[in-house]
Amino acid sequence: MKILMLTWEYPPRVVGGISRVVYDLSHRLIKDGHEVTVVTYKDGEVPYFEDDKGVKVYRVDNFMINPNNFTDWIMQMNFSMVSKASRIIEEEGKFDIIHAHDWLVAYAAKTIKESFGIPIVSTIHATEAGRNSGIHDEVQRYINDTEWMLTYESTEVIVNSNYMKSELQRLFGLPFEKINVVPNGVSTGIFTGVERDYEFRRKYAMDNEKIILFMGRLVYEKGIQYLISAMPKILSRYHDAKLVIAGKGGMIDELRQQVRALGIENKVYFAGYLNGKDVQKMYKAADVSVFPSTYEPFGIVALEAMLAENPVVVSDIGGLNEIVQHRENGMKSYAGNPNSIADSILELLFDYQLSANIVKKAKQKVKNEYNWNKIAQDTHFTYQKAICETMADRQRKQLAQEKAQKTKGKEITNLLTFKKRQAYA
């Protein structure tokens, strides 16, 4: 197949989880014999075109005028994507499928679909209503409506968990059979040959301290504020613990203030944004990884931690709730409940055997269920469904037109016959 991926982020541009998903999926599809072209936004000193191990990556600039707001900026980016994709199609031929990742590329996907007759498969990674616990202003309503439009224009829709499937049915009224659950994955070899680096670890904690790791964006729905609130209880029972927060986001100042108010500055380390090898080293340095989200469609960071042989503590919501079985391959806590988070962490810190059993089962589950080989095959099957449905729809329309023409012809013949009979009479 010739596949066109539309995404607003692709490495080295990483805003959220979409970047890694598109990267890994594209490279797996290439290995399966498909041709993948990515059109994305150009950020920083990166080339406009790059052959990334077989994946053709085209990057677009935004307009040279300053937009009024973020949604206008997104619209300008979509115009640039349409222009670039149109030139690619003119030069290299038509694609079999458009794979659109989230509302950020909805208008580009819709325009290319209608201009060239290419079916859309969209992946909805998260919803605006889910991120904000509802729709509260006009900007959120605009994004929510754009999400609906993308799913309406798509022949098939992919989500990464059953939780998200239910959410899309509830929010947008999508047919059950139109939504395909294809989980995100992780490269199972990312920690091969990576061992604990004690010199690296000592930047963040002393040798006697157990590192409790949070890795992710510092935004409300990731629940980091509840993990910080759990630290006094954890420290009262296990003094040699250290919380390391790896990530950046809009809540950073608020979280620092929370740490100061609790008087635990010496037990919380803000490591900032990590990338590349530092991410792998940090996972290997950690003793427990915690993801206390209040909204999480999937939770790819949990897979990474499990693969790195970290026992994980997750909230009992969303995709995290589907990945982890309590006390089997991880620990669960009640979402937004610091006491529950603290209890699960303390149990792992005190019970070595439980922790070891969890690590073993978790790593095996990731390798069996969340490898990109299986995920790419499921995605390809969804592409085939979309193409077959589009062809069938075109045939139905053609038959309907032919039937309408025949009916119209019979009506004309009957009318002429009737008039002739009237003339003879």
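## A hairpin at the sheet edge

In this predicted model, Asp-51 has Lys-56 of strand β4 as its bridge partner. A further bridge joins Phe-49 to Tyr-58, also in β4. These pairs belong to the antiparallel pairing of β3 (residues 49-52) with β4 (residues 55-60), which extends over four bridges. The two strands make a hairpin with two residues between them, and Lys-53 in the turn adopts a positive phi of about 55 degrees.

## The six-stranded sheet

A second open sheet is built from six strands in the order β11-β10-β9-β12-β13-β14, with parallel pairing. Its edge strands are β11 (268-272) and β14 (331-333), each of which pairs on one side only. Here the twist from one strand to the next averages 25 degrees.

Within this sheet, β12 (residues 288-291) pairs with β13 (residues 312-315) in the parallel sense over three bridges. Ser-289 has Val-312 of β13 as its bridge partner. Helix α13 (residues 338-350) packs on the sheet, where it touches β9 (210-215), β12, β13 and β14; the direction of α13 makes about 160 degrees with that of β14.

Helix α2 (residues 70-92) comprises 23 residues and spans 32 Å between its first and last C-alpha atoms, close to the 33 Å expected at 1.5 Å a residue. Just after this helix, Gly-93 takes a positive phi of about 100 degrees.

In soluble globular proteins, nonpolar side chains tend to be buried together. The largest nonpolar core of this model contains 40 residues, and those with the most contacts inside it are Leu-4, Leu-6, Val-39, Met-77, Ile-98, Ile-112 and Leu-168. Helix α2 supplies the largest share of this core, eight residues. Another core, of 35 residues, lies apart from it and has among its members Phe-191, Ile-300, Val-301 and Val-314.

What surrounds Leu-6, leaving aside its neighbours within four places in sequence? Leu-6 is in contact with Val-39, Ile-98, His-99, Ala-100, His-101, Val-105, Ala-108, Ala-109 and Ile-112. Of these partners, Val-39, Ile-98 and Ile-112 are also listed among the core residues with the most contacts.

## The protein as a whole

The protein has 15 helices and 14 strands. Taken along the principal axes, its C-alpha atoms fill a box of roughly 110 × 45 × 45 Å. Of its 425 residues, 52% count as buried. The accessible surface comes to about 20200 Å², and carbon and sulfur atoms account for 50% of that area.

Among contacts between residues at least 6 apart in sequence, 66% join residues at least 24 apart.

Notes. Residues are numbered from 1 along each chain as its sequence is written. This is a predicted model: local features need pLDDT of at least 70, side-chain atom pairs count only at pLDDT 80 or more; totals for chains, interfaces and linings use all residues. Side-chain values use heavy atoms; hydrogens and water are left out. Two strands pair if DSSP finds at least two bridges between them. Axes are lines fitted to C-alpha atoms, for helices over the stretch in contact, and angles run from 0 to 180 degrees between N-to-C directions. Contact means heavy atoms within 4.5 Å. The expected span of a helix is 1.5 Å times one less than its number of residues. Buried means under 20% relative accessible area, exposed over 50%, partly exposed in between (1.4 Å probe, protein chains only). Accessible areas come from the Shrake-Rupley method with a 1.4 Å probe; for residues, only the protein chains shown count as cover. A nonpolar core is a set of buried Ala, Val, Leu, Ile, Met, Phe, Trp, Tyr and Cys residues joined through side-chain atoms within 4.5 Å.
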